[in-house]
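This report describes the protein displayed below.

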Amino acid sequence: MNKPLASSFEQIVNSRRAVRKYEQDTPFDHEAVRKAIELATLAPNSSNMQLWEFHRVISSEAREQVARCCMGQSAARMARELVVIVVRPDKWKKHAHINAGKIREAYKDQNDAKARRAHGYYEKLIPMLYNNDRFGVRGAVRKLLTFLRGLSRPTVREVSRSDVRVSIHKSAGLAAMTFMYAMKSRGYDTCPLEGFDSRRVKTCLGLPGGSEITMIIGCGKGTSDGVYSERFRVPLDEVMFEH
Ligand SMILES: Cc1cc2nc3c(=O)[nH]c(=O)nc-3n(C[C@H](O)[C@H](O)[C@H](O)COP(=O)(O)O)c2cc1C
């Protein structure tokens, strides 16, 4: 697994595998994880709301606890660091406010329709979409209004509370992928995991009730037996369509 650093994007994509066993006795550069997270935050994300968090599980005690919550999977047990990708729908107000501030600054000398539209995006549209109650009643009303609007013109229909949830996890998934490629570009292997007890992991990390875990990523330098099988994908014509 100790290959030279991949130098091109294609090499990185081709060589990244889900690696389930990591070297235990070689040094691990935790700084590489910090840098990869920094790059991951540059991933595209819905409305630039950045409702993600990257929880680094570094100490051996914390890693052991989290690995137990991952059903003891070797990719978690042997990881030299675990990164828990968390989404925080509950932080929407704060992040909308930060975005609105940036927009206000960018358009400070303008008061035309474009500037008003930009202001309205984070001050009106985003609150309309992200302001959700526990039972999803607001979202259901939005869904109904959207349906009616959609009868006469093209309309974004994914406006319910669960649609917003999906959207936030989509963005977090892109950040997770960016993180894994960034790690590979620094010579490290990763394994994304969704086989874990989310409630227990949240307790281990002291995460608030409104948060959700997108995935956990094991990191390390893979051992020669760390990849379990040949890579396999369904034929391209099963998944690629031209219109
Ligand atoms: C969201 C997600 C969840 C995954 N969960 C697990 C997991 O819990 N345990 C595991 O061993 N692999 C897990 N994997 C790894 C996949 O099994 C692996 O990516 C897939 O078999 C393709 O292999 P490759 O990544 O080496 O190309 C997960 C991958 C993704 C994207």
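How many salt bridges are there between domain 1 and domain 2? The count is zero, where a salt bridge is a side-chain nitrogen of Lys or Arg within 4 Å of a carboxyl oxygen of Asp or Glu.

## Basis of the model

The model is predicted: local features need pLDDT of at least 70, side-chain atom pairs count only at pLDDT 80 or more, and totals for chains, interfaces and linings use all residues. Residues are numbered from 1 along each chain as its sequence is written, and side-chain values use heavy atoms, with hydrogens and water left out.

## Overall architecture

The secondary structure comprises 10 helices and four strands. Helices (H or I, at least four residues) and strands (E, at least two) are DSSP runs, numbered from the N terminus. Read from the N terminus, the order of elements is α-α-β-α-α-β-α-α-α-α-β-α-β-α.

The C-alpha trace spans about 60 × 45 × 40 Å along its principal axes. Of the 243 residues in the protein, 41% are buried; buried means under 20% relative accessible area, exposed over 50%, and partly exposed in between (1.4 Å probe, protein chains only). Among contacts with a separation of 6 or more, 77% are between residues 24 or more positions apart, a contact being defined by heavy atoms within 4.5 Å.

## Domains and their interface

The domain assignment gives domain 1 (18-90 + 171-225) and domain 2 (94-163); such bounds come from an automatic or database domain assignment. The centres of domain 1 and domain 2, taken over C-alpha atoms, are separated by 31 Å. Six residues from domain 1 and seven residues from domain 2 take part in the contact.

Between them, domain 1 and domain 2 bury about 570 Å², with 52% of this on carbon and sulfur atoms. Buried area is the accessible area (1.4 Å probe) that two parts lose on being put together, summed over both. On the side of domain 1, Ser 47, Met 49 and Leu 51 supply 74% of the area buried against domain 2, more than any other three residues. Five residue pairs (both at pLDDT 80 or more) are in polar contact between domain 1 and domain 2. A polar contact is a pair of N or O atoms within 3.5 Å; within protein, one must be able to donate a hydrogen and the other to accept it, and residues adjacent in sequence count only if both atoms are side-chain atoms.

## The loop between α2 and β1

Asn 48 lies in the loop between α2 (30-40) and β1 (52-57), and Gln 50 is placed in the loop between α2 and β1 as well. Phi of Asn 48 is near 55°, a positive value in a residue other than glycine. Gln 50 is likewise not a glycine and has a positive phi of about 50°. Asn 48 is partly exposed at 36% relative accessibility, and Gln 50 is partly exposed at 29%.

Arg 88 is found in the loop between β2 (81-87) and α5 (92-106). With a relative accessible area of 13%, Arg 88 is buried. Its side chain makes a polar contact of 3.0 Å with the side chain of Glu 53 and one of 2.8 Å with the side chain of Asp 90. Beyond its neighbours within four places in sequence, Arg 88 is in contact with Leu 51, Glu 53, Pro 208 and Ser 211.

Arg 165 belongs to helix α8 (residues 161-185) and counts as partly exposed, at 40% relative accessibility. The C-alpha atoms of Arg 165 and Val 87 are separated by 8.8 Å, although these residues are 78 residues apart along the chain.

Five bridges join β3 to strand β4 (residues 212-220), and the two run antiparallel; strands pair if DSSP finds at least two bridges between them. Within this pairing, Leu 193 stands opposite Ile 216 in β4.

Phe 196 lies in the loop between β3 and α9 (198-205) and is buried, with a relative accessible area of 13%. Not counting residues up to four places away in sequence, Phe 196 touches Cys 69, Cys 70, Met 71, Val 201, Ile 213, Met 215 and Ile 216. Phe 196 and Ile 213 are 17 residues apart in sequence, with a C-alpha to C-alpha distance of 9.7 Å.
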